[in-house]
Amino acid sequence: MAKDIYQATKERRSYYNINDKKIVPEKKVEEVVEHALKYTPTSFNSQTGRVILLFDEEHNKFWNIVESNLRPVVPEEDFDSTKDKIDGFRSGYGTVLFFEDMEIVEDLQQRFPLYSENFPKWSQHSSGMLQYNVWTMLETEGLGASLQHYTELIVEDVKAEWEVSEEWRLVAQMPFGNPVEEPDEKEFEPLAERIEVYK
């Protein structure tokens, strides 16, 4: 891998200006997602993460679904900017859809009642780690990505289109592609205000 983990963590950013030039083969993207899915930790090794990986026309179909569901709820005078944003995501060549298998979560709640209320939280934690791992690993391959959350508006159409199990809860969406513009400079709060060290 060309970048060490420190560099990759630093350079993982939200890329909104991407195109569909395939600078990384689809097979490599699949390997990245599979690796992250396999090795991202989950509570009780429950392996609740689920992923649908969309390329090309399937990717376009997904963002068409997002656009069609946003049109009725976004005021007409604001829709041009919304469409521009969706077009930016659609201009990439792939999207990762992140899910959590709630059947496993519910089973754990029944088997370990002492921790029952924590399992949905831990499921969210695991999903966040999976999203971050995929995002950072895509960065190491030279791809730009961002994380989106159109979940409630689109979930029924997504499940119908790709025959997704009712037990899978849609968590987030990650469009990716060839980055054609660097993100803005990022500002940081002083670390002294964010960490305390005791020795």
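Val-29, Val-32, Val-33, His-35, Ala-36 and Leu-37 in helix 2 meet Leu-130, Asn-133, Val-134, Met-137 and Leu-138 in helix 6, where contact means heavy atoms within 4.5 Å. The model is predicted, with local features requiring pLDDT of at least 70 and side-chain atom pairs counted only at pLDDT 80 or more, while totals for chains, interfaces and linings use all residues. Residues are numbered from 1 along each chain as its sequence is written, and side-chain values use heavy atoms, with hydrogens and water left out. Helices (H or I, at least four residues) and strands (E, at least two) are DSSP runs numbered from the N terminus.

The residues of the contact between helix 2 and helix 6 comprise 9 nonpolar, 2 polar and no charged. Ala, Val, Leu, Ile, Met, Phe, Trp, Tyr, Cys and Pro count as nonpolar, Asp, Glu, Lys and Arg as charged, and the others, Gly among them, as polar. Two packed helices are described by the angle between their axes and the distance between the axes. Axes are lines fitted to C-alpha atoms, for helices over the stretch in contact, and angles run from 0 to 180 degrees between N-to-C directions. For helix 2 (residues 26–39) and helix 6, the axes come within 9 Å and cross at roughly 145 degrees. This crossing of helix 2 and helix 6 is right-handed; a crossing is right-handed if the near helix is turned clockwise from the far one by less than a right angle, and left-handed if anticlockwise.

Helix 6 (residues 119–140) also packs with helix 5 (residues 102–111), at an angle of about 140 degrees and with the axes 9 Å apart. Helix 5 is therefore oblique to helix 6 (angles under 35 degrees count as roughly parallel, over 145 as roughly antiparallel, 65 to 115 as roughly perpendicular and the rest as oblique). The helix 5 and helix 6 crossing is right-handed. On the helix 5 side, Met-102, Val-105, Leu-108 and Gln-109 meet Phe-119, Pro-120 and Ser-123 of helix 6. This contact of helix 5 with helix 6 contains 5 nonpolar, 2 polar and no charged residues.

Thr-140 also belongs to helix 6. Thr-140 is buried, with a relative accessible area of 12%; buried means under 20% relative accessible area, exposed over 50%, and partly exposed in between (1.4 Å probe, protein chains only). Between Thr-140 and Ile-5, 135 residues apart in sequence, the C-alpha to C-alpha separation is 8.9 Å.

Helix 3 (residues 56–70) and helix 7 (residues 151–161) pack at about 140 degrees, with their axes 9 Å apart, and the crossing of helix 3 with helix 7 is right-handed. Helix 3 contributes Lys-61, Phe-62, Ile-65, Val-66, Asn-69 and Leu-70 to the contact, and helix 7 contributes Leu-153, Ile-154, Asp-157, Val-158 and Glu-161. By class, the contact of helix 3 with helix 7 has 7 nonpolar, 1 polar and 3 charged residues.

Gln-148 is located in the loop between strand 4 (144–145) and helix 7, and counts as buried at 7% relative accessibility. The C-alpha atoms of Gln-148 and Ala-172 are separated by 5.8 Å.

Arg-90 is placed in helix 4 (residues 79–90) and counts as buried at 14% relative accessibility. Not counting residues up to four places away in sequence, Arg-90 touches His-59, Asn-60, Trp-63, Asn-64, Glu-67 and Lys-83.
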